[in-house]
Amino acid sequence: MLAVYASKIDPKDPLSGLEVGDRPDPEVPDRWTTVTVKAASLNHHDLWSLRGVGLGEDKLPMILGCDAAGLDEDGNEVVVHAVISSDSWRGDETFDPRRSLLSERYQGALAEKVAVPRTNVLPKPPELSFEQAACLPTAYLTAYKMLFEKSGVQPGATILVQGCGGGVATAAIVLGRAAGYRMWATSRSEAKRERALKLGADQVFASGARLPERVDVVLETVGQATWSHSVRSLKPGGRIVISGATSGDAPPAELTRVFFTQLTVTGSTMGSRDELGRLTRFCEQTGARPLIDRVLPMAQARDGFAAMVTGDLFGKVVFTL
Ligand SMILES: NC(=O)c1ccc[n+]([C@@H]2O[C@H](COP(=O)([O-])OP(=O)(O)OC[C@H]3O[C@@H](n4cnc5c(N)ncnc54)[C@H](OP(=O)(O)O)[C@@H]3O)[C@@H](O)[C@H]2O)c1
């Protein structure tokens, strides 16, 4: 089958290990099933994998990709939950210490077929296209949990999104706006700031710029480059919710400001199967739809990866079959 896979690890030149070509169909253990992929989306996780973060040489070749929407074995339209918990685990899968994401231990979703535990398959809402549904399992689920489980603030509060062009960041603007939060956003790029306004951000700022007032919550995925600004942008008692550190994870901790203004720093990772179900319903009920930067045939996946490496994206890259 056609697949997008990692053949080698290179932290400095991740695209050198990227292959688009033929791979065997995935193995289907007991209690697993196969989904025929119609659309799959790219995440920064796929670049981390090519850099060797979360993916060891001993696992190669590994089909990349966490997110897919397609058809189950009975022809039903489905979306795949990317968090694979151990057989004995019950409850929120993201707390299983032995969990993995598709493409870390088990072959991933950027392929004609993906095998997953049966419990990882959820109905796709008919209102969403396969391309839109394929954006939900990682970026949109992560943003959903950051906003609605971890932020601790109610609609009407002001939430700052750092690095607004990214998959998680655009998801936060779309979902936060639909839920009635006042969404502010930063970007290094003026063009992306303008697009964020059109997407529903209330105000936009250059990365690092002083804000007109301090905010209730900051959603962080950028890390080192924006951390100090995030800490300084919060009201006393405010909260940073962090799910990523694209630019590095060694920023100044800003400890004095953290304790003096009594901030909370909350980590967040992916979301549970139940939260993915609620996210799909949220999209149905509010009309919120994932923002797609571009749709490419899977055979041209390299172009999408290259755009992510240079940061030349606003929203999600989706590959179709
Ligand atoms: N914990 C989890 O479960 C989870 C889930 C999803 C993602 N993540 C992580 O979250 C991060 C974002 O993922 P993604 O898929 O949304 O990635 P993405 O689409 O590639 O977005 C990355 C964004 O980060 C910003 N950025 C990168 N370097 C920057 C810098 N030096 N200064 C300022 N901004 C910078 C850019 O924003 P501008 O160009 O607009 O400035 C860019 O749009 C990744 O590190 C990913 O691994 C974690």
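These legends go with close-up views of a predicted model.

Local features here need pLDDT of at least 70 and side-chain atom pairs count only at pLDDT 80 or more, while totals for chains, interfaces and linings use all residues. Residues are numbered from 1 along each chain as its sequence is written, and side-chain values use heavy atoms, with hydrogens and water left out.

**View A. The largest pocket holds about 1,300 Å³ of space.** A pocket here is an open set of points on a 1 Å grid over the protein atoms alone, with protein on both sides within 12 Å along at least five of seven lines; lining residues have an atom within 4 Å of a point. Grid points are joined across faces, edges and corners, and a volume is the space filled by probe spheres set on the points. Among the 47 lining residues, His44, Trp48, Thr221, Gly244 and Thr246 are the closest to the centre. Two or more lining residues come from each of α1 (44–50), α3 (136–150), α4 (167–178), α9 (301–310) and β18 (316–320); helices (H or I, at least four residues) and strands (E, at least two) are DSSP runs, numbered from the N terminus. The top contributor is α1, with four residues. Sorted by class, the lining has 16 nonpolar, 26 polar and five charged residues. For that sorting, Ala, Val, Leu, Ile, Met, Phe, Trp, Tyr, Cys and Pro count as nonpolar, Asp, Glu, Lys and Arg as charged, and the others, Gly among them, as polar.

**View B. The second largest pocket has a volume of about 400 Å³.** Its lining takes in 17 residues, and Ser85, Asp87, Arg90, Pro117 and Thr119 sit nearest the centre.

**View C. One cavity of 30 Å³ or more turns up.** A cavity is a set of grid points where a 1.4 Å probe fits but cannot get out. The largest cavity has a volume of about 50 Å³, and residues lining it include Ala143, Met146, Gln162, Ala172, Leu219 and Thr221. α3, α4 and β14 (215–220) each supply at least two lining residues, with α4 giving the most, at three. Seven of the lining residues are nonpolar, two polar and one charged.

**View D. Helices α3 and α8 (residues 273–286) cross at roughly 90 degrees, their axes coming within 10 Å.** Axes are lines fitted to C-alpha atoms, for helices over the stretch in contact, and angles run from 0 to 180 degrees between N-to-C directions. The two helices are therefore roughly perpendicular, a label that covers 65 to 115 degrees. On the α3 side the contact (heavy atoms within 4.5 Å) includes Tyr140, Tyr144 and Phe148, and on the α8 side Leu276, Leu279 and Phe282. Ten nonpolar, one polar and four charged residues make up this contact.

**View E. Six parallel strands make an open sheet, in the order β13-β12-β11-β14-β15-β16.** Two strands pair if DSSP finds at least two bridges between them. At the edges, β13 (203–206) and β16 (264–267) each pair on one side only. Neighbouring strands are turned by 20 degrees against each other on average, direction ignored. β14 pairs with β15 (residues 234–242) over five bridges, and Val217 has Arg239 in β15 as its bridge partner.

**View F. Helices α3 and α5 lie across strands.** α3 lies across β11 (158–161), β12 (182–187), β14, β15 and β16, and runs at about 145 degrees to β15. α5 (residues 190–199) lies across β12 and β13, at about 165 degrees to β13.

Note on methods:
Angles under 35 degrees count as roughly parallel, over 145 as roughly antiparallel, 65 to 115 as roughly perpendicular and the rest as oblique.
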